[in-house]
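The report below takes up the elements one after another.

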Amino acid sequence: MISRKVLLASLVCLGGVAAVIWAVAGSGKVHYLPYYLPCPEIFSMKLQYTEEKLIQLFPQLFYQQPRVLAPKRQDVLTVTPWLAPIIWEGTFDPEILDSAYRPLNLTIGVTAFAVGKYTRFAPRFLQSAEQHFLRGYRVNYYIFTDSPQSIPHLQLGPGRRLLTVPVQKPSSWQEISMRRMEAINQHVAKQSHGEVQYLFCLDIDMVFHNPWGPETLGDTVAAIHPGYFDVPREQFPYERRSSSAAFIPEGEGDFYYGGAVFGGLVRKVYELTKMCHMTILADKANGIMAAWQEESHLNRHFLSHKPSKLLSPEYIWDDRKPKPPEIHLIRFSTVKKNYKEVRN
Amino acid sequence: MRITKLHGLAVLVTAGITGAIWYYYPFSPARAQEHKASPGEDSVLKTDLYETSLMFPWRRDVLVLTPWLAPIVWEGTFNRDILNAQYLQKKAVTGVVTFAVEKYIQFIEGFMSSANTYFLAGHPVNFYLFTDNPEKISHIQMAPENHLFVIPVQNDPRWQDISRSRMDIISCYIQSQFQHEVDYLYSLDINVQLLAHIGVEIIDALVATISSWQVTPQHENKGSEAHPEAQSAIPEGQGDFYYTASFYGGSVPEVYKLTRACSAGLREDTENGIEAPWHHESHLNRYLLQHRPTRLLSPEYYWDPELSPSTIQVKRMCPVHQHSQRQRM
């Protein structure tokens, strides 16, 4: 039997210790043992970029006068609250934009990852891109692959090149997804920053069906995910666990952006891939993987660094969905595939 | 051993203390984040004031995007909080250029007091006031973050020369002074009054205001030239919008290019003996046809009060004169 005195004494001691801890913890900052993340030296590299060109001169053109009181699209939002345009069919005149961008002699880069079983999607991707993607412009296709020999070298249009970038075979399809940011970032640092002015990062398991023109060029460009463009923000599949670096709390968020399409000026893509890669590393250090891998991190980034141009779901469509009346033209959409088979 | 009340009390107290420690001392990093104050920039970039829905445009009655994808700023198309946060990150300073010569000095006080209240409120603004009578200007109360620079100029005897000399003056001063002091520059008429906030939604590379005449029906393109040789002649079949010269601006390099081009055009016209009606406004429109603005301001931003409003929800700036005809400035 423990005596009453001993019991009381031990309780008082416990209370005293608790009070001390409480005081110390409540007053000062919380200190954690620092975890030094591996920091590739490219994160501190300063790049020399090829000069960006602003729109200079619009040559003479004849077309119908735009009417101030006659909006082209009344059914959808065409400008974000931070005054970034949202590109839908009917909001732009392709001729005007072409006349402004073509004289700038731009080269646009496209990155796509054809790793493991995804190499089978490369031929259709490239063929349809040749037909619809920025026709008449200089384009560099950067296909990241672990088996360069399986990428067909098609006949490309003038001024268009195909370059394969070797990557290591990853352990799972989630790994491919998570490593994309790092791979693109390193590639920009080593190579593409000197070759292209704009860069688009696309998924390979998709096909172009309709023209994708210079209306998509901008400082930072994101595309609205086809599955979530007409639902309220509470239903967006953001990462909702607060321990993740991609965490977006309830009540926040503008749109849900798709990870299959993003891009912009090459230095902006460099910055955005760097930041996303750092948040992915932070999550890795904490042993957590975001709900939709890099797409969650991309959404987190675009919440604080809002894109300067948005592409409507016309530019990132899912063929399994029925076409709603707001979508007049599907330009880029997924290929029907057996997910289980391909993600093995 | 028998369990007495004291044992129960001990367990309860221990549990209570342990629970208190657990709650207040965050053992997991995530809990630490919740207690940490959220970074200022993140909280301001929340769009919780209006939920943005892709299916519900706020303004269905007007054009909000030009065919070359420049936004047209109307009330209801933007969230000023987000734009303010983005502007603060740029750490930019904006300047305003305005001319008050001869009898236009009477408008200075009204202009400055309303501009201090409504023009980019909360952000530092440099007002450059060009006048031919600096002594006549009484003390003007400025907002603490704004600055006023009074610059003396000579008045031109011929009204036709005034507009060219103004374009000249602006481009000269940009080169010598303004480019070192401001990042964005806007030219405003002095005989206006601001009635509602004009904020950072106007900040972009090249910005022009759609003339209020364009919104009223049955109005022809004002200022189409009779003289095809006039530098500012805009041929039939061309032209997007008619822009007013009372409010335009943008980044300093772009405004410099614009004023240089317009003054060169005006000089050439004068040499050829052509005097275009609405002078510098015609040249402005010609320039903006070939160098399209990156952002347009709706007629809310310069609204002639004699016209009846239809789609104008907010009148932000109105000319002060009472005459029915526009004064030639």
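## A helix pair in chain A

In this predicted model, helices α5(A) and α6(A) cross in the right-handed sense. Their packing angle is about 120 degrees, and their axes lie 9 Å apart.

On the side of α5(A), the contact is made by L272(A), M275(A), C276(A), T279(A), I280(A) and D283(A), and on the side of α6(A) by E294(A), H297(A), L298(A), H301(A) and F302(A).

## The open sheet of chain A

Chain A holds 7 helices and 10 strands, and 8 strands form an open sheet with mixed pairing, in the order β1-β9-β7-β8-β5-β2-β3-β4. At the edges stand β1 (86-87) and β4 (160-166) of chain A, each of which has a single partner strand, so that one side of each is left without a neighbour in the sheet. Within the sheet, strand β2 (residues 107-114) of chain A runs parallel to strand β5 (residues 198-202) of chain A, and 4 bridges join the two. In this pairing, T111(A) is found opposite C201(A) of β5(A).

Both helices of the pair described above also pack on this sheet. Helix α5 (residues 266-285) of chain A touches β5, β7 (220-224) and β8 (257-265) of chain A, and its direction makes about 135 degrees with that of β8(A). Helix α6 (residues 294-304) of chain A touches β7 and β8 of chain A, and its direction makes about 50 degrees with that of β8(A).

## T220(A) and the burial of chain A

Which strand of chain A holds T220(A)? T220(A) has its place in strand β7 of chain A, and it counts as buried because its relative accessibility is 13%, where the cut-off for burial is under 20%. Leaving aside residues up to four places away in sequence, T220(A) touches G263(A), G264(A), K268(A), K306(A), P307(A), S308(A) and K309(A).

For chain A as a whole, buried residues account for 53% of its 344 residues. Among the contacts in chain A between residues at least 6 apart in sequence, 77% join residues at least 24 apart.

In chain B, strand β2(B) is mostly covered, with 7 of its 7 residues buried. T94(B), V96(B), T98(B) and A100(B) point one way from β2(B), whereas G95(B), V97(B) and F99(B) point the other way, and all are buried. In general, side chains in a regular strand alternate between the two faces of the sheet. The pairing of β2(B) with β3(B) is parallel and extends over 7 bridges, and T94(B) has V125(B) as its bridge partner in β3(B).

Helix α5 (residues 108-118) of chain B has as its buried residues I108(B), F111(B), M112(B), S114(B), A115(B) and N116(B). These buried residues of α5(B) pack against β2 (94-100), β3 (125-131), β4 (147-152), β5 (184-188) and β6 (192-194) of chain B. After α5(B) comes L120(B), whose phi is positive, near 50 degrees.

Definitions and conventions: Residues are numbered from 1 along each chain as its sequence is written. Chains are lettered from A and ligands numbered from 1 in the order in which they are written. This is a predicted model: local features need pLDDT of at least 70, side-chain atom pairs count only at pLDDT 80 or more; totals for chains, interfaces and linings use all residues. Side-chain values use heavy atoms; hydrogens and water are left out. Two strands pair if DSSP finds at least two bridges between them. Contact means heavy atoms within 4.5 Å. Axes are lines fitted to C-alpha atoms, for helices over the stretch in contact, and angles run from 0 to 180 degrees between N-to-C directions. Buried means under 20% relative accessible area, exposed over 50%, partly exposed in between (1.4 Å probe, protein chains only). A crossing is left-handed if the near helix is turned anticlockwise from the far one by less than a right angle, and right-handed if clockwise.
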